[in-house]
Amino acid sequence: MENNLKPRMEHQLTHHAQDQYLKKLHQSKSYDELLQAALLLNQLHYMERIKVDWAIREASNNLAELCGYDRDSC
């Protein structure tokens, strides 16, 4: 069985690039830029969580409708 949670290569490369950028900011003591990068990454993480929550809610509603269930009554 294939591991569907294994990150694709482009995600691994992005992750590596972000790590290197943050380490470079830290090493150069660019703390204001490091803070801005951290705030941006936090905002992106928050937006991704919202999208995941929406997708799960939509999928469960669609599945419940398809199967004839009332999702909220269980």
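This is a predicted model: local features need pLDDT of at least 70, side-chain atom pairs count only at pLDDT 80 or more; totals for chains, interfaces and linings use all residues.

**Helix α2, end to end**

I started with the length of helix α2, residues 31–67. At 1.5 Å a residue, its 37 residues should span 54 Å, and I get 53 Å between the end C-alpha atoms, which agrees.

**Greasy spot**

Next I looked for nonpolar side chains on the surface. Leu40, Leu41, Leu44, Tyr46, Met47 and Ile50 make up a patch there, with about 550 Å² of accessible area together. I checked one of them, Leu44, which sits in helix α2. Leu44 has a relative accessible area of 39%, so I put it down as partly exposed, between the 20% and 50% cut-offs.

**Salt bridges**

How many salt bridges does the structure hold? I count three.

- Arg8 and Glu10 pair through their side chains, at 2.7 Å from N to O. Glu10 is partly exposed at 42% relative accessible area.
- Glu48 bridges to Lys51, with 2.8 Å between the closest N and O atoms. The two are three residues apart in helix α2, which means about one helical turn separates them. Glu48 is partly exposed at 42%, and Lys51 is partly exposed at 48%.
- Asp53 bridges to Arg49, with the closest N and O atoms 4.0 Å apart. Both lie in helix α2, four residues apart, about one turn of the helix. I have Asp53 as partly exposed at 37% and Arg49 as partly exposed at 47%.

Note on methods:
Residues are numbered from 1 along each chain as its sequence is written. Side-chain values use heavy atoms; hydrogens and water are left out. The expected span of a helix is 1.5 Å times one less than its number of residues. Patches are made of residues with over 30% relative accessible area and no salt bridge: like charges are joined within 9 Å, nonpolar side chains (Val, Leu, Ile, Met, Phe, Trp, Tyr) within 5 Å. Accessible areas come from the Shrake-Rupley method with a 1.4 Å probe; for residues, only the protein chains shown count as cover. Buried means under 20% relative accessible area, exposed over 50%, partly exposed in between (1.4 Å probe, protein chains only).
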